[in-house]
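Have the sequence and the 3D view open as you read.

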Amino acid sequence: MQPHTLEVARLYQTEFIRSARAVGALWAVCTLCFAVIEVVILIQPSWVGTGEVRYRPGQGGAPPLAGSLGLFEVCLDTDWLVPECRGSLGTLTPLPSFQTPAVLVCMSLALVWASVGCLALFRFCNAATVYKICAWLQLSAGFCLALACVLFPDSWDSEDMRALCGEGVSSFSPGRCSVHWAFVLAMLGVLDAAILATLAFVLGNRQDALLPQDSKQGPGLHLAS
């Protein structure tokens, strides 16, 4: 190979390493943010809710309940600023009707935080291998979260939902309630997991394809290469 061609190849490789370092750092930050978002999704009692309920005393009858619920708690609005919540978030005991979605979200959370823990392996292992391990963990986390998002509305035909949303509740029909931001965030989390896993696969495969053979074999290649 001619010297000019070698120089061009060397410059191309250097530029790739710089770009991969920047994209890899962004991917690591987004992975950590996604892990925090998963915690919020799990604990927030805002998966479905009634919104603002207006009651006219002249109509007779008891005023309808207003509030929201999540996987672990049902929170009802009161005249005070702090809602009245019922559930066992402290002991991580989900509501009886939402046990399966709660377990799936917990599994997704554990997989995402495992991928965060794998970031420490960049200092000791081949970067391409670590990227692929994280990609599979994030892909599995996204699958668990997607399954939870499907099973959650299938569990709406329950006493907790009827007490808050009326007798018109059935599977995939929330009665007078509507989905709230935590459920929407969970659905967006599925997309986030897919994007992060795809990016990790791309980064791993590109490093396998373009980095020289001696760099692949050594443990010194990591995000701060």
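This is a predicted model: local features need pLDDT of at least 70, side-chain atom pairs count only at pLDDT 80 or more; totals for chains, interfaces and linings use all residues.

## Disulfides

With sulfur pairs counted when they sit within 2.5 Å, the tally comes to two disulfides. Counting bonded cysteines along the chain, the pattern is 1-2, 3-4.

Cys75 is bonded to Cys85, with an S to S distance of 2.0 Å. This link is right-handed, at 105° about the S-S bond. Cys75 belongs to strand S3 (residues 73-76) and Cys85 to strand S4 (residues 84-87), so the bond ties together parts 10 residues apart in sequence. Cys75 is buried at 5% relative accessibility, whereas Cys85 is partly exposed at 38%.

The other pair is Cys165 and Cys177, whose sulfur atoms are 1.8 Å apart. Its S-S torsion is about -95°, so this one is left-handed. Cys165 lies in helix H4 (residues 159-165), and Cys177 is in the loop between strands S6 (173-174) and S7 (178-179), 12 residues apart. Both Cys165 and Cys177 are buried.

## Other cysteines

Cys134 is buried, at 0% relative accessibility. Cys106, on the other hand, is partly exposed, with a relative accessible area of 31%.

## Glu38

Glu38 sits in helix H1 (residues 3-43) and is buried, with 0% relative accessibility. Beyond its neighbours within four places in sequence, Glu38 touches Val105, Ser108, Leu109, Val112 and Leu145. Val105 is 67 residues away along the chain, yet the two C-alpha atoms are separated by 7.8 Å.

Notes. Residues are numbered from 1 along each chain as its sequence is written. Side-chain values use heavy atoms; hydrogens and water are left out. Helices (H or I, at least four residues) and strands (E, at least two) are DSSP runs, numbered from the N terminus. Buried means under 20% relative accessible area, exposed over 50%, partly exposed in between (1.4 Å probe, protein chains only). Contact means heavy atoms within 4.5 Å.
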